[in-house]
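These are my notebook entries on a structure that I looked through on screen. I set down each item in the order in which I consulted it.

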Amino acid sequence: MFTTPFANITIKTEKKLTYSLFYLLIITAIALRYFNNSLENEITPYGIFSFELAGSLERSLEILNSWSPLAKTFAGLSLGLDFLFLLIYTLFISLLIHKINERLWKGKPFYRIGELLIWSMFITAVFDAVENVALIKLLIGGTQEYWSSVAYTFAIGKFILIIISILYIIYNSALLLFKKSS
């Protein structure tokens, strides 16, 4: 039978894990935002996101040339911290999907959709890690078109999976609230 990594955790453990991941998510997001502030300029209005979505070596080099040595250091720190962040946000989103699934869809065919989305978050983590490696290669001087293309492709895949999962959470949370109020 197809199950999720959260299938056998207790309610108490689930609650502790949810709060712990939430606090870690906030702390790492604040740190990443701090690093990103140093990366924003006319060329990179969205900081590291502009770099992730550069899509071509020419654009990647333009971004790198717009950053001071200190900004490049912050970019490296941001990419390093993102390896921790990708574990935190994927686990947090997965856990939220699990919680919604258990309360709303347990024993129903739609439950499988939630299970697939939970596992897709682990694919998202792999996509984010591959993207980070490609960006680090560019940051340390890799001048092959390949690295820009890899970063762009995996960033797009990552963002699509995240958006689908967040929409699932929002829609089903609203459905759960509506169900409770009626």
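This is a predicted model: local features need pLDDT of at least 70, side-chain atom pairs count only at pLDDT 80 or more; totals for chains, interfaces and linings use all residues.

Entry 1, charge and ring. I looked up Lys 158 and found its charged end over the ring of Phe 159, at 4.3 Å from the ring centre. I used the criterion that NZ of Lys or CZ of Arg must be within 6 Å of the ring centre and within 35 degrees of the ring normal.

Residues are numbered from 1 along each chain as its sequence is written, and side-chain values use heavy atoms, with hydrogens and water left out.

I recorded 6 helices and 0 strands for the protein, in the sequence pattern α-α-α-α-α-α. I took these elements as DSSP runs numbered from the N terminus, with helices being H or I of at least four residues and strands E of at least two. The C-alpha trace spans about 55 × 30 × 30 Å along its principal axes. Of the 182 residues, 42% are buried; I count a residue as buried under 20% relative accessible area, exposed over 50% and partly exposed in between, with a 1.4 Å probe and protein chains only.

I looked up helix H1 (residues 11-37) and helix H4 (residues 69-104), which pack at an angle of about 150° with axes 9 Å apart. Axes here are lines fitted to C-alpha atoms, for helices over the stretch in contact, and angles run from 0 to 180 degrees between N-to-C directions. H1 and H4 are therefore roughly antiparallel. In this scheme, angles under 35 degrees are roughly parallel, over 145 roughly antiparallel, 65 to 115 roughly perpendicular and the rest oblique. The crossing of H1 past H4 is left-handed, meaning that the near helix is turned anticlockwise from the far one by less than a right angle; clockwise would be right-handed. I recorded 20 nonpolar, 4 polar and 4 charged residues in the contact of H1 with H4. Nonpolar covers Ala, Val, Leu, Ile, Met, Phe, Trp, Tyr, Cys and Pro, charged covers Asp, Glu, Lys and Arg, and polar covers the others, Gly among them.

Entry 5, H5 and its partners. I found H4 and H5 packed at an angle of about 175°, with axes 9 Å apart. That angle makes H4 roughly antiparallel to H5. I recorded 19 nonpolar, 8 polar and 5 charged residues in the contact of H4 with H5. H5 and helix H6 (residues 145-181) pack at about 155° with axes 8 Å apart, and H5 and H6 are therefore roughly antiparallel as well. H5 passes H6 in a left-handed crossing. The contact of H5 with H6 comprises 18 nonpolar, 6 polar and 4 charged residues.

Entry 6, aromatic rings. Tyr 34 is exposed at 51% relative accessibility, whereas Phe 74 is buried at 13%. I also noted the edge-to-face pair of Tyr 146 and Trp 147, at 4.9 Å centre to centre and 70° between the planes. Trp 147 is buried, at 16%. One aromatic cluster is formed by Tyr 19, Phe 22, Tyr 23 and Phe 92.

Is Glu 131 buried or exposed? I found Glu 131 buried, with 0% relative accessible area, in helix H5 (residues 111-139). Its C-alpha atom is separated by 13 Å from that of Ser 60, 71 residues apart along the chain. Pro 5 lies in the segment before H1 and is partly exposed at 40%. I found Pro 5 and Leu 91 9.9 Å apart, C-alpha to C-alpha, and 86 residues apart in sequence.

Notes. Rings of Phe, Tyr and Trp (its six-membered ring) pair if their centres lie within 6.5 Å; planes under 30 degrees apart count as stacked, over 60 as edge-to-face and the rest as tilted.
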